[in-house]
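Me: Could you take me through the labels used for this model and show where each one comes from?

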Amino acid sequence: MQEMEAGGEESLDEQGAAAAAAEPSFSGQTSTKPVWALLEEAAQMKTEGNAFYREKNIRSAIGRYHRALLVLRGLDSDVMTSVKRFRPETPALTPQQESMLRNTQVDCYNNLAACLLQKQNVDYARVREYSLRVLQWRPGDVKALYRAGVATLEMGDAQTAKQYLTQACSEQPNDASVRKHLQRAEEKLNQELQKERAMYRGMFSSSLKSSSGEESNQTSTAGERV
């Protein structure tokens, strides 16, 4: 499974905020645009982000994906419900518009997670967060399952990682990257099991020695009394 390459140490949220501030279309007039215009604007930004990625200009790609998500934020009823008292009412979307909104969001979050995985210092918590957002909308998305599995494994939860990676492997059984990380999760679980067994053996052995010592003391005390 191919991954994007990322560069720069600035956080994605910081990059997104900076990109939004520098983008002319993020003025107060943005909300007056028709729904289709906003959806097409976000889709265009995603396309530009993909082009930057192919050119290995990851910083610019990240900026475009963030701008696309910020445009869509004002159309997402799930997001706007909590702030509806302070913002204009979210326009009702047709099923086709809703589909376009979700598809663009899914692509952007998937691509952002892929970018993060290629950084020198990977923020696995954020990779998992973005991947889980995708899975909320598209539960069987193989890329999101894979990246959620990788991130969860690196965060130390091999059991949950195995669940994500097993599902991804069932969808793409011939994907070498998925199988590789699934094997890593299984190996880690096996190591944890062996450590747990060794710990219990040690505890049991210590208990037997303690019990044996107490019996010896009791025998000696009884002998002295005789």
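Reply: Happy to; what follows sets values against their definitions.

Reply: This is a predicted model, where local features need pLDDT of at least 70, side-chain atom pairs count only at pLDDT 80 or more, and totals for chains, interfaces and linings use all residues. Residues are numbered from 1 along each chain as its sequence is written, and side-chain values use heavy atoms, leaving out hydrogens and water.

Me: How many helices and strands does the chain have, and what makes a stretch count as one?

Reply: The chain has nine helices and zero strands. Along the sequence the pattern reads α-α-α-α-α-α-α-α-α.

Me: Why is the pair of Tyr109 and Tyr130 called tilted?

Reply: Rings of Phe, Tyr and Trp (its six-membered ring) pair if their centres lie within 6.5 Å; planes under 30 degrees apart are stacked, over 60 edge-to-face, and the rest tilted. Tyr109 and Tyr130 are 5.5 Å apart centre to centre with 40 degrees between the planes, so they pair and the pair is tilted. By this rule the count comes to two aromatic pairs.

Me: What does the pair of Tyr109 and Tyr130 tie together?

Reply: Tyr109 lies in helix α5 (residues 95-117) and Tyr130 in helix α6 (residues 124-137), so the pair ties together parts that are 21 residues apart in sequence.

Me: Are Tyr109 and Tyr130 buried or exposed, and how do you know?

Reply: Buried means under 20% relative accessible area, exposed over 50%, and partly exposed in between (1.4 Å probe, protein chains only). Tyr109 has 11% and Tyr130 has 3%, so both count as buried. For the chain, 38% of the 226 residues count as buried.

Me: Which aromatic pair does Tyr109 form with Trp137, and what makes it so?

Reply: Tyr109 and Trp137 form a tilted pair, at 6.0 Å centre to centre and 40 degrees between the planes. This pair links Tyr109 in helix α5 with Trp137 in helix α6, 28 residues apart. Trp137 has a relative accessible area of 28%, so Trp137 is partly exposed. Ring pairs link Tyr109, Tyr130 and Trp137 into a cluster.

Me: Are α3 and α5 roughly parallel or roughly antiparallel, and how do you know?

Reply: Angles under 35 degrees count as roughly parallel, over 145 as roughly antiparallel, 65 to 115 as roughly perpendicular and the rest as oblique. Helix α3 (residues 58-73) and α5 pack at about 150 degrees, with their axes 10 Å apart. Axes are lines fitted to C-alpha atoms, for helices over the stretch in contact, with angles from 0 to 180 degrees between N-to-C directions. Therefore α3 and α5 are roughly antiparallel.

Me: What makes the contact of α3 with α5?

Reply: Contact means heavy atoms within 4.5 Å. The residues include Ile62, Tyr65 and Leu69 of α3 and Leu101, Cys108 and Tyr109 of α5.

Me: Why are α6 and α7 called roughly antiparallel?

Reply: The axes of α6 and helix α7 (residues 142-154) come within 8 Å and cross at roughly 150 degrees. That angle is over 145, so α6 and α7 are roughly antiparallel to each other.

Terms used: Helix = DSSP H or I, 4+ residues; strand = E, 2+ residues; numbered from the N terminus.
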